Every structure is written in structure tokens, then in C-alpha cells.
Amino acid sequence: METIAARPFAFAFDPSRVALIVIDMQRDFLEPGGFGASLGNDVSRLQAIVPATARLIAGFRAAGRPVIHTRECHRPDLADCPPAKRLRGAPGLRIGDAGPMGRILIAGEPGAEIVPELQPAPGESVVDKPGKGAFCATDLGAHLEALGITQLVFAGVTTEVCVQTTMREANDRGYECLIAEDATESYFAAFKHAAIDMMTAQGAIVGWATEVATILAGLE
Ligand code: C5J
């Protein structure tokens with residue numbers, strides 16, 4: 001056990017019991033023509049964190065620690081996509097509609113794949129999730145328990161939606177959660193900062209936040 005600099009206060013880091021969860025770094029969120037763009041967002045903001053996320057993944061691999069990737073996507077028959085989700089708002093393309101990268105947020109379609117720079121390595125877990133949180137309707141909890149994980153580092157997109165939801169789910173399940181501030185992003189700069197402020201407020205009520213370089217130094 002060692003302590004690493006974090007906010008709101010130092011994080012007691014246990015590199016022997018930590019896993020990295022990389023949330024939804026999919027073409028549908030990061031590239032033009034996908035789900036994020038169909039909602040009217042500027043996807044270039046999310047592309048900017050790919051290098052820092054790649055460094056974080058490389059550090060966990062080098063340390064021999066688990067890297068778990070998630071993908072928000074649905075079955076082709078949409079049986080796991082509630083109408084309340086599919087019909088929300090007035091996007092250019094809805095979940096399941098055909099777009100330039102295949103059907104939006106559908107498992108097996110090009111848009112649902114993780115971006116080429118962050119492709120899972122052989123043997124790494126990829127959790128397909130129908131919700132915003134990665135514990136909902138998945139085997140993530142059982143998988144982490146089998147691995148003996150007690151701490152989770154979070155990266156990915158978007159900070160205030162799927163990252164925050166999963167971090168809150170993990171916190172409620174007893175994991176100590178640390179978000180890598182420069183390896184997460186939102187379509188809205190203010191939302192990223194507000195989400196991390198909410199997580200770390202009140203004595204790390206949801207968890208801690210720090211930079212990729214600090215986490216990498218702690219893993220060495
Ligand atoms: C969203 C996500 N924003 N991965 N999904 O719909 O955050």
C-alpha cells in the first residue's frame with residue numbers, strides 16, 4: 001500500500017488489488033456519424049483524451065494489472081433497449097437506426113467497436129452494457145470479485161454519464177474509486193469538471209481524482 005497525490009486528499013493505492021475500467025471509448029461516441037454526433041455533440045473533445053488513455057492502459061498492462069473495457073451497445077433486435085431510452089429526445093439518428101458506421105449503438109456494428117488506438121489486447125475483458133452503468137445487467141461485479149479487485153481506476157467517456165454512473169455503482173458496491181482526470185472527457189467542459197467535483201466533494205463521497213502520470217508512477 002502506498003499513497004498517491006489525489007483530490008480531495010491522498011489516495012491509499014494498492015497496486016496489487018487494482019483494475020482499470022475504460023468506459024465506452026467507442027467509435028459511436030468519438031467519431032463523426034455516430035451516436036454522440038447524432039445528438040448534436042462536438043466529438044473532437046472526446047478524441048483528445050485518446051493518447052492519455054492509451055498511456056494509462058499501457059501502464060496497467062506493463063504492471064500486469066487487469067484492464068477491462070466497456071461498450072454501450074444493444075442487441076440487434078433491441079430487446080435490451082427500453083423504448084424510454086431509444087425514443088428519448090430528437091436525435092438525428094436513434095439507437096438501432098442505420099448510420100455511416102452501421103446501426104447506431106448495436107453490438108457487432110463498426111460504430112460500437114472501440115477506437116483502433118485503444119483496442120483491447122488478447123485476454124482483456126470487454127463488457128457490453130445496455131445501460132449507462134457497467135454493473136447493470138452485466139457480469140462485471142462477479143468478474144471483479146473473482147479477480148480479487150478492491151480498487152478501480154476509471155477512464156473513458158463521458159465523464160458525467162457512463163463514467164460517473166459506473167463509478168457511483170462501484171462506490172456503492174464497496175470499491176475504492178479513482179478517476180483519471182486527463183483520461184476522461186465530456187462533450188461539455190463544464191459537465192466534466194462539475195462531475196469530478198461532485199464525486200470528490202464531501203470527503204471523496206464517490207471517490208478520488210488524479211492525473212494519469214500520478215497513477216502510472218504509483219503502478220511502477
Ligand atoms: C452516453 C456514455 N453519454 N458512454 N454514453 O450516452 O457516456
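## Helix 7 and its end

Gly174 follows helix 7 and has a positive phi, near 100°. The model is predicted. Helix 7 covers residues 159-172. Its buried residues are Thr159, Glu160, Cys162, Val163, Gln164, Thr166, Met167 and Ala170.

What covers these buried residues? Strand 3 (18-23), strand 4, strand 8, strand 9 and helix 8 are included.

## Ala195 in helix 8

Helix 8 spans residues 189-204 and contains Ala195. Is Ala195 buried or exposed? Ala195 counts as buried because it has 23 C-beta neighbours inside 10 Å, and the cut-off for burial is 20 or more.

Leaving out residues up to four places away in sequence, Ala195 touches Thr159, Glu160 and Gln164. Thr159, Glu160 and Gln164 are themselves among the buried residues of helix 7. Ser44 is 151 residues from Ala195 in sequence, and their C-alpha atoms are 20 Å apart.

## Around the ligand

Which residues surround the ligand? They are Asp24, Phe29, Glu72, Lys132, Val157, Thr158, Val161 and Cys162. By class, this shell holds four nonpolar, one polar and three charged residues. Cys162 is also one of the buried residues of helix 7.

Val157 and Thr158 are joined by a cis peptide bond, with omega about -20°. Thr158 sits in the loop between strand 8 and helix 7.

## Cys73

Cys73 lies in the loop between strand 4 (67-72) and helix 5 (83-86). Cys73 counts as buried because 26 C-beta neighbours fall inside 10 Å.

Beyond residues up to four places away in sequence, Cys73 touches Leu105, Ile106, Ala107, Ala112 and Asp128. Ile95 is 22 residues from Cys73 along the chain. The C-alpha atoms of this pair are separated by 8.8 Å.

## Helix 4 against helix 9

Helix 4 (residues 50-62) packs with helix 9 (residues 212-219) at an angle of about 10°. Their axes are 10 Å apart. The two helices are therefore roughly parallel to each other, since angles under 35 degrees count as such. Helix 4 contributes Ala52, Arg55, Leu56, Gly59 and Phe60 to the contact. Helix 9 contributes Val212, Ile215, Leu216 and Leu219. Together, the contact residues divide into seven nonpolar, one polar and one charged.

Which residues of helix 9 are buried? Val212, Ile215 and Gly218 are. They cover an arc of only 125° around the axis, so they lie on the same side of helix 9. In an α-helix, residues three or four places apart point the same way, because there are 3.6 residues a turn. The buried residues of helix 9 pack against helix 4 and against strand 1 (2-4), strand 2 (11-13), strand 8 (151-157), strand 9 (176-185) and strand 10 (208-210).

Most residues other than glycine have a negative phi, and most peptide bonds are trans. The bond from Arg7 to Pro8 is cis, with omega near 15°. Pro8 is placed in the loop between strand 1 and strand 2.

Ala137 is not a glycine, yet its phi is positive, about 60°. Ala137 lies in the loop between strand 7 (125-129) and helix 6 (140-147). Ala137 is exposed, with 12 other C-beta atoms within 10 Å. Ala204 also has a positive phi of about 60° and is not a glycine. Its place is in helix 8. Ala204 counts as partly exposed, with 19 C-beta neighbours inside 10 Å.

Note on methods: Residues are numbered from 1 along each chain as its sequence is written. This is a predicted model: local features need pLDDT of at least 70, side-chain atom pairs count only at pLDDT 80 or more; totals for chains, interfaces and linings use all residues. Axes are lines fitted to C-alpha atoms, for helices over the stretch in contact, and angles run from 0 to 180 degrees between N-to-C directions. Helices (H or I, at least four residues) and strands (E, at least two) are DSSP runs, numbered from the N terminus. Angles under 35 degrees count as roughly parallel, over 145 as roughly antiparallel, 65 to 115 as roughly perpendicular and the rest as oblique. Two residues are in contact if their C-beta atoms, placed from the backbone, lie within 7 Å. Ala, Val, Leu, Ile, Met, Phe, Trp, Tyr, Cys and Pro count as nonpolar, Asp, Glu, Lys and Arg as charged, and the others, Gly among them, as polar. A residue is near a molecule or strand if its C-beta atom, placed from the backbone, lies within 6 Å of it. The arc is that of the directions from the helix axis to the C-beta atoms.
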